[in-house]
Amino acid sequence: MTLLMSILDADFMRLAFATGAVVGVLAPAVGFFLVQRRMSLIGDGIGHVAFAGVAAGYLLGISPVATALVASVGGAVAIEWLRTRRRAAGDQALALLFYTGIAAGVVLISAAGALNANLFAFLFGSILTVTRGDLLLVGVLGIVGLALIAAFYRALVAAALDEEGARVSGVPVGLLNVLLAALAGVTIAVSMRIVGILLIAALMVLPVIAASRVAWSIRSNMLIAIGIGLGSVFVGLTAAYYANLAPGGAIVLVAAGAFVVTSAAAAFR
Amino acid sequence: MPVVELQHVDFAYPGGPPVLRDVTLRVEQGEFLAVAGPNGGGKTTLLRIVLGLERPQAGTARLFGEPASSLRGRSRIGYLVQRAQLGIDSPVTVREVVAAGRVPRRGLVGPLRSEDRVQVARAIERVGLADRASAPLSTLSGGLQQRAFIAKALAGEPELLVLDEPTAGVDVDAQEALASLLEELHSDLRVTILFVSHEFGAVERFVDRLVLVRGGIVFDGDPAALPAHWHDPSHVHP
């Protein structure tokens with residue numbers, strides 16, 4: 001407890017923990033439905049587009065979080081459109097998004113002359129860079145994201161359980177897929193300050209997979225995943241603070257450790 | 001007004017040979033109909049046209065009096081997909097599966113209300129899974145899992161219950177039990193049932209009508225009127 005209190009003496013750590021709390025809840029909550037729809041890698045694809053958004057922010061001189069939000073939600077909806085209109089198979093749509101996003105990001109960031117340490121913080125996360133403005137934006141977006149998941153929870157579960165049956169009975173599955181993709185985009189933009197663009201997808205997926213080893217129902221899987229997500233963020237941030245590590249890597253390694261623990265627990269059950 | 005009405009329907013998948021030719025079918029409210037035929041004979045395609053998932057190249061398909069592909073009020077349909085398998089990796093309880101079937105009736109937003117929970121519990125009870133409602137679905141046998149999916153379809157209080165190969169991969173005893181369950185549902189609820197299967201032995205004695213599909217409808221009538229050789233699995237039907 002004393003250890004935690006001393007960390008929280010620093011203003012930047014309070015901001016990092018507050019932002020991390022939002023990320024720790026939102027990422028597994030959205031990731032739960034991505035994993036169930038077998039869209040685990042979509043977060044990675046959107047992350048690459050978010051990178052282009054960050055670069056555009058630098059170039060235009062406006063908040064990189066805001067431009068990343070626009071880019072990642074736009075990218076997420078585009079990939080869903082490509083997938084459902086059968087313009088490209090699922091993995092081809094992802095590949096298009098991946099490479100176009102990263103290439104656009106590199107071009108824009110070099111045009112802005114911003115190939116520097118700040119960029120590194122966006123790629124791998126940083127506990128020093130969260131501003132009060134970021135926290136406000138992350139807080140608002142996080143609450144909106146969680147409210148949408150709570151409101152559409154049953155419908156998202158119905159579409160994940162049996163897509164065709166839901167479609168036949170009149171559930172607008174396409175609309176729900178777009179909503180889910182947009183939520184994934186919001187999650188990426190919200191999380192990139194802490195976890196980093198290159199690792200955020202892992203925080204959406206690993207807690208869910210870890211939780212599924214010991215869960216007994218959809219609800220328990222989601223709640224345990226959120227618990228693992230929150231725990232990973234707090235432990236990872238603490239380790240990053242004391243050992244001077246990139247927080248994104250530390251957080252994701254804790255989540256991966258949680259998978260090992262739950263798998264072992266399931267094996268001994 | 002018939003529940004299902006197909007008139008002179010032709011269908012082929014893009015670039016493929018004709019799957020169905022000149023199919024005319026009328027299903028009245030409250031009928032229990034088995035659609036049978038060999039694998040590849042076109043019965044699943046016929047079902048997809050009935051449900052509005054495919055549009056015929058020629059002819060018309062109507063459901064509840066409306067064009068099937070643009071039907072509003074789809075919550076009137078309860079559908080058990082072929083080889084109903086979970087689309088998700090997460091553990092899921094029987095109650096969660098069945099509650100998902102309530103979404104079309106209740107709407108997309110918000111939690112289930114008390115009357116919804118009553119309907120979910122009633123559907124679970126109807127299929128005989130009341131004591132397993134909280135159990136993870138994966139702990140149930142294939143036959144009992146199918147019952148959970150039937151309960152899911154029932155939770156939406158459908159007027160038309162469509163089951164695509166519900167007995168596939170289920171042992172003979174469970175097939176008999178499923179057929180008895182459907183007969184009971186039909187007589188209690190007077191719901192229209194379309195039962196699609198490559199074999200019809202289990203339901204033959206319950207259904208009002210049997211439709212055999214092989215590129216088109218080759219038999220449509222009382223199962224008792226079916227020529228004996230059709231019951232012989234070794235017989236090669238023309």
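I started with B:Glu157, which is partly exposed because 18 other C-beta atoms lie within 10 Å. My cut-offs: buried means 20 or more other C-beta atoms within 10 Å of the residue's own, exposed means 12 or fewer, partly exposed is in between, and C-beta atoms are placed from the backbone.

Housekeeping: this is a predicted model, where local features need pLDDT of at least 70, side-chain atom pairs count only at pLDDT 80 or more, and totals for chains, interfaces and linings use all residues. Residues are numbered from 1 along each chain as its sequence is written, while chains are lettered from A and ligands numbered from 1 in the order in which they are written.

Back to B:Glu157: I find a positive phi of about 50° there, and it is no glycine. It sits in the loop between α5 (142–155) and β7 (160–164) of chain B. Helices (H or I, at least four residues) and strands (E, at least two) are DSSP runs, numbered from the N terminus.

Next I checked B:Glu165, also not a glycine, and its phi is positive at about 50°. I place it in the loop between β7 and α6 of chain B. Buried or exposed? B:Glu165 is buried, with 21 other C-beta atoms within 10 Å. Most residues other than glycine have a negative phi.

Then I looked at confidence (pLDDT, the predictor's per-residue confidence from 0 to 100). Chain B averages 87, with 94% of its residues at 70 or more. For the model I noted ipTM 0.87 and pTM 0.88.
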